Amino acid sequence: MNIVDCATIKDLLPLYVDDVLSKESKALISGHLATCESCKTDFHHMQTEFAKLPTNDGETFDVLKSMKKKLFKQKAVVAVVACAIAVAVIAGAYFGLTEWNVVPISTQSLDTPEVSELADGRIVVSMSVTTTDNILIRAVYFDFSDDGTVYLTPKNTIFTQTWKSVSYSDFLIKDGRFGEREITTLYVGTPNDRVLVWEKGMEVPPASAAVEERVLGQG
Ligand SMILES: [Zn+2]
């Protein structure tokens with residue numbers, strides 16, 4: 001007994017010939033074709049026509065199958081692009097948290113800044129972190145005011161890499177100047193968290209051999 005009428009079978013025949021139907025639909029149609037002469041004739045006719053379609057490298061050109069392939073390719077491209085975006089976001093976040101020097105280091109985490117005079121007359125301000133774990137001076141920002149006040153602000157990243165916990169940063173003053181700028185007062189820190197380290201006319205002790213060596217080694 002056929003539970004599907006001939007009109008429906010005839011509608012589905014092209015898909016049956018193209019072999020893109022589900023197993024269940026295929027079984028339904030083969031069952032019907034075995035008992036219905038009219039549909040069987042249509043099927044044979046369609047099969048003959050199908051065989052005449054242009055071929056590609058000897059293979060039957062199958063529009064529906066190639067559409068399926070295309071769709072699969074599009075899905076694959078979307079997946080690859082989504083992965084690339086995810087990787088970029090993670091890399092960006094990692095870089096931002098570990099490489100971007102945005103956090104001023106508290107003056108309490110710093111050693112007391114040392115001021116000394118090198119043999120060549122330059123004054124060196126040394127900032128260091130030797131006692132606090134996992135803090136590294138990664139960058140020092142200079143903030144110059146027109147009145148000659150300077151803030152040296154050691155900065156850190158949000159997540160500091162812990163491979164090194166001792167660091168030094170030296171700032172040099174030559175004849176009361178840093179480059180072209182005249183300096184009268186020098187603080188380490190920020191306006192809200194600062195330590196006065198040098199003022200114009202201040203008596204400065206001679207630099208230790210270690211400081212001389214470190215600064216001259218830096219060129
Ligand atoms: Zn039929």
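1. Let me start with a detail I liked: helix 1 and helix 3 cross in a right-handed way. Helices here are DSSP runs of H or I with at least four residues, strands are E runs of at least two, and both are numbered from the N terminus. Bear in mind that this is a predicted model, in which local features need pLDDT of at least 70 and side-chain atom pairs count only at pLDDT 80 or more, while totals for chains, interfaces and linings use all residues. Residue numbers run from 1 along each chain as its sequence is written.

2. Axes are lines fitted to C-alpha atoms, for helices over the stretch in contact, with angles from 0 to 180 degrees between N-to-C directions.

3. Who makes the contact? From helix 1 it is Cys6, Ile9, Lys10, Leu13, Pro14 and Val17, and from helix 3 it is Ser38, Cys39, Asp42, Phe43, Met46, Gln47 and Phe50. Contact means C-beta atoms, placed from the backbone, within 7 Å. Nine of these residues are nonpolar, two polar and two charged. Nonpolar covers Ala, Val, Leu, Ile, Met, Phe, Trp, Tyr, Cys and Pro, charged covers Asp, Glu, Lys and Arg, and the others, Gly among them, are polar.

4. Pro14 deserves a look of its own. Pro14 is partly exposed, having 13 other C-beta atoms within 10 Å; buried needs 20 or more, exposed is 12 or fewer, and partly exposed is in between, with C-beta atoms placed from the backbone.

5. Helix 2 (residues 23-33) meets helix 1 at another angle: their axes come within 11 Å and cross at roughly 120 degrees. The two are therefore oblique to each other, and the crossing is left-handed. Here Ile9, Leu12 and Tyr16 of helix 1 meet Ser25, Lys26, Ile29 and His32 of helix 2. That contact counts four nonpolar residues, two polar and one charged.

6. Now the chain as a whole. It has five helices and 12 strands, and 15% of its 219 residues are buried. Among contacts with a separation of 6 or more, 66% are between residues 24 or more positions apart.

7. The largest nonpolar core has 19 residues, of which Val125, Leu152, Leu186, Val188 and Val197 touch the most other members. Such a core is a set of buried Ala, Val, Leu, Ile, Met, Phe, Trp, Tyr and Cys residues joined through C-beta atoms within 7 Å. Strands 5 (123-129), 7 (149-156), 8 (167-173), 11 (185-190) and 12 (193-199) each give two or more residues to this core, and strand 5 gives the most, with five. Beyond neighbours within four places in sequence, Val197 contacts Pro113, Val115, Val125, Leu186, Tyr187 and Val188. Apart from this core lies another, of six residues, including Leu13, Tyr16, Cys39 and Phe43.

Key:
Left-handed = near helix turned anticlockwise from the far one by under 90°. Contact = placed C-beta atoms within 7 Å. Parallel < 35°, antiparallel > 145°, perpendicular 65-115°, else oblique.
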